[in-house]
Amino acid sequence: MPHASHAPELLDAHSLRPHNTFGFDVRARHAMKIDSVEAASLLCRDGRLAGMTQLVLGGGSNLVLTRDFDGVALIVNIEGKRVIAEDAGSWLVEAGAGENWHGFVAWTLAQGMPGLENLALIPGTVGAAPIQNIGAYGLEMGERFERLSAVELATGARIEFDRAQCAFGYRDSFFKRAGRGRFMITSVVFRLPKRWQPRADYADIARALEGASSYDAQAIFDAVVAVRRAKLPDWTVLGNAGSFFKNPVVSAQAFDTLRQREPGIVSYPQVDGSVKLAAGWLIDQCGWKGRGVGGAAVHDRQALVLVNRGGATGAQVLELAGAIQRDVRARFDVELEIEPVTL
Ligand code: NAP
């Protein structure tokens with residue numbers, strides 16, 4: 001079948017290095033930049049792609065590429081941000097999937113619409129945010145989410161997903177499970193409450209705001225940016241994909257047993273009675289901070305982040321992750337789950 005007259009260019013042997021925040025030097029056999037919903041929905045009829053495996057790429061900030069990709073990488077460049085509606089209690093704002101997440105958060109604040117400030121400086125795009133339900137400093141994106149639009153790659157159908165259909169969990173959603181690889185998210189709508197309430201109870205943020213008698217959303221945004229800059233590596237300087245492991249959650253009973261053996265263990269009780277453990281602390285206790293395998297290493301200021309010190313491969317990062325998982329299992333009898341998507 002002939003492809004549409006405005007079909008995007010099919011690029012060959014395309015380097016994915018600028019499209020993954022680890023900076024792994026891998027190539028895709030082909031790549032295509034998608035800058036509109038129309039282009040996304042025509043992909044299924046594009047004869048040039050027949051039989052090819054497709055990989056949708058946002059900012060590549062939650063991805064471990066272990067080898068060259070023998071298919072077509074679809075690079076989502078759909079732009080645009082706008083306020084689409086307002087009611088007594090909230091504003092609805094929409095952004096194209098290709099918008100830079102941090103830029104979008106800054107824009108909402110500039111519009112006088114707070115609510116996303118705790119999620120400042122998270123790398124990646126708006127379209128990638130729902131996939132792992134990004135979260136930081138006591139706020140998850142899912143809490144501000146209204147709906148998203150996506151294109152089903154196999155059929156070109158445009159489909160809307162509400163919050164329930166996205167099945168958000170802790171760094172998790174439908175798009176990491178049954179929906180994995182099947183959709184291209186094209187835009188996301190957020191509901192930002194007009195009655196703003198600060199979330200400033202995470203220790204690092206509370207400390208950064210100390211002394212201020214009152215503060216606004218911009219002050220929280222600034223605090224989050226300052227704390228992240230001080231603690232987390234900038235992927236443009238030192239490749240990484242943010243937290244590499246999820247914080248494990250254990251039962252109250254398992255926690256009691258663990259605490260008898262490890263009285264200093266860092267933990268956060270959950271409303272359902274279970275206990276969240278700080279994965280970074282567990283890794284640090286096993287002596288991994290600053291150590292590595294080849295060019296892959298555990299960040300020296302935050303043990304939850306694995307970094308590419310230069311020339312690392314995805315396979316080395318996974319080898320390092322496996323060694324860390326084994327050590328944590330042996331010492332604490334706790335399973336660490338890898339958070340980014342591996343390919
Ligand atoms: P931190 O302040 O060193 O704390 C370590 C862990 O303890 C965090 O991961 C956090 O879990 C948990 N924690 C801290 N204070 C808590 C509280 N008051 N109540 C409940 N749990 C608490 O954390 P960090 O590593 O520098 O990261 C700061 C925040 O940014 C965290 O929320 C972290 O998840 C987020 N972050 C996310 C990513 C990612 O998803 N890729 C990357 C970097 C940082 P939670 O993770 O459940 O919040």
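Me: What makes Glu38 and Arg158 a salt bridge?
Reply: This is a predicted model, so the answer rests on computed values. The side chains of Glu38 and Arg158 meet at 3.6 Å, N to O. The cut-off is 4 Å from a Lys or Arg nitrogen to an Asp or Glu carboxyl oxygen, so the pair qualifies.

Me: How many salt bridges does the rule find across the interface of domain 1 and domain 2?
Reply: The rule finds 1. It also finds 1 residue pair in polar contact across that interface, with both residues at pLDDT 80 or more.

Me: What is the area buried between domain 1 and domain 2?
Reply: About 1200 Å². Carbon and sulfur atoms give 67% of that area. In domain 1, Val37, Cys44 and Val76 lose the most area to domain 2. Together they account for 32% of what that side buries.

Me: Why give an area at all?
Reply: Because the size of an interface is often given as the accessible area lost when the parts come together.

Me: Why is Thr186 called buried?
Reply: Its relative accessible area is 2%. Buried means under 20%, so Thr186 falls in that class. Thr186 lies in strand S12, residues 183-193. Leaving aside neighbours within four places in sequence, Thr186 is in contact with Val37, Ala40, Ile78, Gly96, Ala97, Ser149, Ala150 and Val151.

Me: How do you know whether Ile265 is buried or exposed?
Reply: The relative accessible area of Ile265 is 8%. The limit for buried is under 20%, therefore Ile265 is buried. Ile265 sits in the loop between helix H6 (252-261) and strand S15 (267-269). Not counting residues up to four places away in sequence, Ile265 touches Phe255, Leu258, Arg259, Leu277, Trp281 and Leu282.

Me: How far is Ile265 from Ala312 in sequence and in space?
Reply: They are 47 residues apart in sequence. In space the separation is 32 Å, C-alpha to C-alpha.

Me: Why does Ala13 count as partly exposed?
Reply: Ala13 has 42% relative accessibility. Buried needs under 20% and exposed needs over 50%, so Ala13 lands in between. Ala13 lies in strand S1, residues 11-15.

Me: What makes the phi of Ala13 worth a remark?
Reply: Phi of Ala13 is near 40 degrees, a positive value in a residue other than glycine. Most residues other than glycine have a negative phi.

Me: What is the phi of Asp333, and where does Asp333 lie?
Reply: Phi of Asp333 is near 60 degrees, again positive in a residue other than glycine. Asp333 lies in the loop between helix H8 (314-332) and strand S20 (341-342).

Me: Is Asp333 buried or exposed, and what decides the class?
Reply: The relative accessible area of Asp333 is 65%. Exposed means over 50%, so Asp333 is exposed.

Notes. Residues are numbered from 1 along each chain as its sequence is written. This is a predicted model: local features need pLDDT of at least 70, side-chain atom pairs count only at pLDDT 80 or more; totals for chains, interfaces and linings use all residues. Side-chain values use heavy atoms; hydrogens and water are left out. Buried area is the accessible area (1.4 Å probe) that two parts lose on being put together, summed over both. A polar contact is a pair of N or O atoms within 3.5 Å; within protein, one must be able to donate a hydrogen and the other to accept it, and residues adjacent in sequence count only if both atoms are side-chain atoms. Helices (H or I, at least four residues) and strands (E, at least two) are DSSP runs, numbered from the N terminus. Buried means under 20% relative accessible area, exposed over 50%, partly exposed in between (1.4 Å probe, protein chains only). Contact means heavy atoms within 4.5 Å.
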